[in-house]
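Please open the model in a viewer and keep the sequence at hand.

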Amino acid sequence: MRRLLLLAFIWGWSFLLIKVIVESVPPTFLAWGRILLGLVVMLAFLRSTGERFPGRGAWGHLLVLGLAMSAMPMIVK
């Protein structure tokens, strides 16, 4: 239950922060900031669990997955 509440708190605050930040920061900076924050959180999680970052063989699959899940919905109408 605590994890769900934490997730709801983070999710809700992100919309508020985006609204505030978008008024003073260019969209490109905001996008790169979110990507960088996601990378930092992912690396911290991987380090805390003892997992390793995916090897070079997985990068092609991850690129296709990233394009399909992130870029395609914004391009296809």
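**The nonpolar patch**

Begin with helix 2, which supplies the largest share of the nonpolar patch, 5 residues.

Next, centre the view on L39, a residue of helix 2. Because its relative accessibility is 36%, between the limits of 20% and 50%, L39 counts as partly exposed.

**Along helix 3**

Now select residues 59–75, the 17 residues of helix 3. At 1.5 Å a residue they should span 24 Å, and the end C-alpha atoms, 22 Å apart, agree with this. Follow the helix to A68, where a kink of about 35 degrees is centred.

**Across to helix 1**

Select V22, which lies in helix 1. With a relative accessible area of 45%, V22 is partly exposed. A distance drawn from V22 to M69, C-alpha to C-alpha, is 23 Å, while the two are 47 residues apart in sequence.

**Confidence**

Finally, colour the protein by pLDDT. The mean is 85, and 97% of the residues reach 70 or more. Which element has the lowest mean pLDDT, and which the highest? Helix 1 (residues 2–22) has the lowest, at 82, and helix 2 (residues 27–49) the highest, at 88. Where pLDDT is low, predicted coordinates should not be read in detail.

Note on methods:
Residues are numbered from 1 along each chain as its sequence is written. This is a predicted model: local features need pLDDT of at least 70, side-chain atom pairs count only at pLDDT 80 or more; totals for chains, interfaces and linings use all residues. Side-chain values use heavy atoms; hydrogens and water are left out. Helices (H or I, at least four residues) and strands (E, at least two) are DSSP runs, numbered from the N terminus. The expected span of a helix is 1.5 Å times one less than its number of residues. The bend at a residue is the angle between axes fitted to the seven residues ending there and the seven starting there. pLDDT is the predictor's confidence in each residue, from 0 to 100. Buried means under 20% relative accessible area, exposed over 50%, partly exposed in between (1.4 Å probe, protein chains only).
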